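Please give a short report on the two chains shown below.

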Amino acid sequence: MADIFINKAPKELAVIPFYGTAALFFVLLCTLLFFSASTLGGHYFSPSILAIVHTAALGWGTMVIFGAAYQLLPVICERELYSTPLALLSYFLLTIGTCGMIWSFWWFDMGWLMIVSGSCVVGSSYLYAFNIYQTSNESNKSQVNQHFLLLSAFWLCFTTTVGLLLAINLRYQFIPRNHLDVLKLHAHAGIVGWFLQLICGVGAKLIPMFLLGKSKKTQLLYAALILQNVGLILFLADGYFNPIGLRTLLYGLLVAAGTVCWLLYIIDAYKHRARKKIDLLMKHAGLSSLCLSFAFLCIPIVLISSQTKWASLYGSLIFLGWITGIILGKTFKTLPFIVWNSRYKTLNGKTKIPMPKDLYDEKILPYQYYLYLVALAMLCLGIVLDQSFLLKIAGVVWVVVSLLYGYNVFRVIFHKNQIKL
Amino acid sequence: MISLTNPYAQEELKANIALMEVIDPELNINIIDMGLVYGIDFSEPQTITVTMTLSTPHCPMGDAIEQGVMNVLATAFPKRQTKINLVWDPEWSIDNISAAGREQLGL
């Protein structure tokens, strides 16, 4: 008899809407980048930068990650997703909340729309965390990947809650600390707690799977988990009670050391891989790690320099280098499979059917990859050299990248089964 | 390896050929060359028991592969019912991949 471990592919509704909506938000993000090119090197507390950052963090990064997590959690936990309706509800709340927040930041309207939108995002993050917790809780196995996912969900809730309090604070001031200092804590709880830990947890499972590689050094993953969380907690505790200064480097080093442990694990799996040929999608993901390393190297400069452009460079490397690189690389390693499963699973072996990689246009991927490299390089150079013309051109290239990506995502989502038996 | 002294050698050969039609959607090679099939048993009347594994215990494509096995064996042996015995011991490893599979994967 077939073992209970298989047949755990989640329902399409828990995954597809996230990918489709994220692709639209990516186009919006790149369009906003184009229109705000001249302000990109300025202070991060400006309406356009806040709108861009929240489009990137919520509409793009978090949206895709929710979809991917709902798809992959059953794989990691060997259990069905706890609730598809809750996943769908988290989608609606996240979409509505993100739209409202982008609008409010862009026009800097800190009224009820911002607070309601923020509440929707908070609600969405709590629903996500509950779903993740319940799915993981029912699992009969406890793995380090699950710990990463659970902790990242906790940090997401923490980040969105602090974000909502900050939004309320802009209208009715009540936080006793400096608003901008708390904003830095909010941002790094999101970057290190949510994005970094989730990517580490899921990456440690998926990358060896794609490479057909294995590493037995799971102690490296536990070290990564502990170092990243200790670094973040110390940063938050110190940063709340004291001004953020050079001591932050120490916490940054702890987080970086944790990330190095994770990278060592991935390198070990890479060395022991069966698949020697590395495809373009894996190169995308590999490059993203390089961007994360550069972002870490930017931290001392951000702390020492009074120029705002270094913080912009840091943020760009995080959101457009690291997170975007991973998403562009991993989307077509995950999304086509869930669509393929629903269209062709029952036909497998009965007739010749397309494979998941046939669901998207592979010819577009090299263009997407190289244009992404050009866009990122131009953006970083434009910020460092204060060249608004270069930033404008980078904005155009980013829009092209987002359209190529969006085309392929919707080609997969709307793929129709043409085979009739 | 099919033993010629096996009274069901002919059936096993036929089943192996049929199972070559089942493709692992991720790696794009058939499950026989992938080394996922550990054994095919015809000793029970009107039943085929396929002992097999997956490349990872929680492979999201597991259901599709199982469906493929059912489909091809139902076509090849319409009078027999297929049972799948999914095992994790021995665990699948890249050493299970056949020479033909290695060539396809570029290993």
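In this predicted model, helix α9 (residues 280–304) of chain A packs against helix α11 (residues 364–384) of chain A at an angle of about 15 degrees. Angles under 35 degrees count as roughly parallel, and α9(A) and α11(A) are therefore roughly parallel to each other. Their axes lie 10 Å apart, and the crossing of α9(A) past α11(A) is left-handed.

The crossing of α4(A) and α5(A) is left-handed. In the contact of α4(A) with α5(A), 17 residues are nonpolar, seven are polar and one is charged.

The packing values are set out below.

| Helix pair | Angle | Axis distance |
|---|---|---|
| α9(A) and α11(A) | about 15 degrees | 10 Å |

Chain A as a whole contains twelve helices and zero strands. Read along the sequence, its pattern is therefore a run of α elements, α-α-α-α-α-α-α-α-α-α-α-α. For 421 residues the globule rule gives a radius of gyration of 22 Å, and chain A has 21 Å, so chain A is as compact as a globular protein of that length. The C-alpha trace of chain A spans about 65 × 45 × 45 Å along its principal axes. Of the 421 residues in chain A, 61% are buried.

One of the residues of helix α2 (residues 47–77) of chain A is I49(A). Is I49(A) buried or exposed? I49(A) counts as buried, because its relative accessibility is 9% and the cut-off for burial is under 20%. From I49(A) to M114(A) the C-alpha distance is 16 Å, with a separation of 65 residues in sequence.

Next, the cysteines. How many disulfides does the structure hold? Over all chains the number is zero. C120(A) takes part in no disulfide, and the nearest cysteine sulfur, that of C99(A), is 10 Å away. A disulfide would need the two sulfur atoms within 2.5 Å. C120(A) is buried, with a relative accessible area of 13%. C291(A) is likewise in no disulfide; the nearest cysteine sulfur belongs to C380(A), 7.1 Å away. C291(A) has 5% relative accessibility and counts as buried.

From the N terminus on, the order of elements in chain B is α-α-β-β-α-β-α. The radius of gyration of chain B is 13 Å, which agrees with the value near 13 Å for a compact globule of 107 residues. Taken along the principal axes, the C-alpha atoms of chain B fill a box of roughly 40 × 30 × 25 Å. Buried residues account for 49% of the 107 residues of chain B.

P7(B) sits in the segment before α1 (9–19) of chain B. With a relative accessible area of 68%, P7(B) is exposed, the cut-off for that class being over 50%. P7(B) and S43(B) are 36 residues apart along the chain, and their C-alpha atoms are separated by 9.0 Å.

Notes: Residues numbered from 1 in each chain as written. Chains lettered and ligands numbered in written order. Predicted model: local features only at pLDDT ≥ 70, side-chain atom pairs only at ≥ 80, totals over all residues. Heavy atoms only, no water. Buried < 20%, exposed > 50% of the residue type's maximum accessible area, 1.4 Å probe, protein only. Left-handed = near helix turned anticlockwise from the far one by under 90°. Helix = DSSP H or I, 4+ residues; strand = E, 2+ residues; numbered from the N terminus. Nonpolar A, V, L, I, M, F, W, Y, C, P; charged D, E, K, R; others polar. Rg over C-alpha atoms; globule rule 2.2 N^0.38 Å. Axes fitted to C-alpha atoms, helices over the stretch in contact; angles between N-to-C directions. Parallel < 35°, antiparallel > 145°, perpendicular 65-115°, else oblique.
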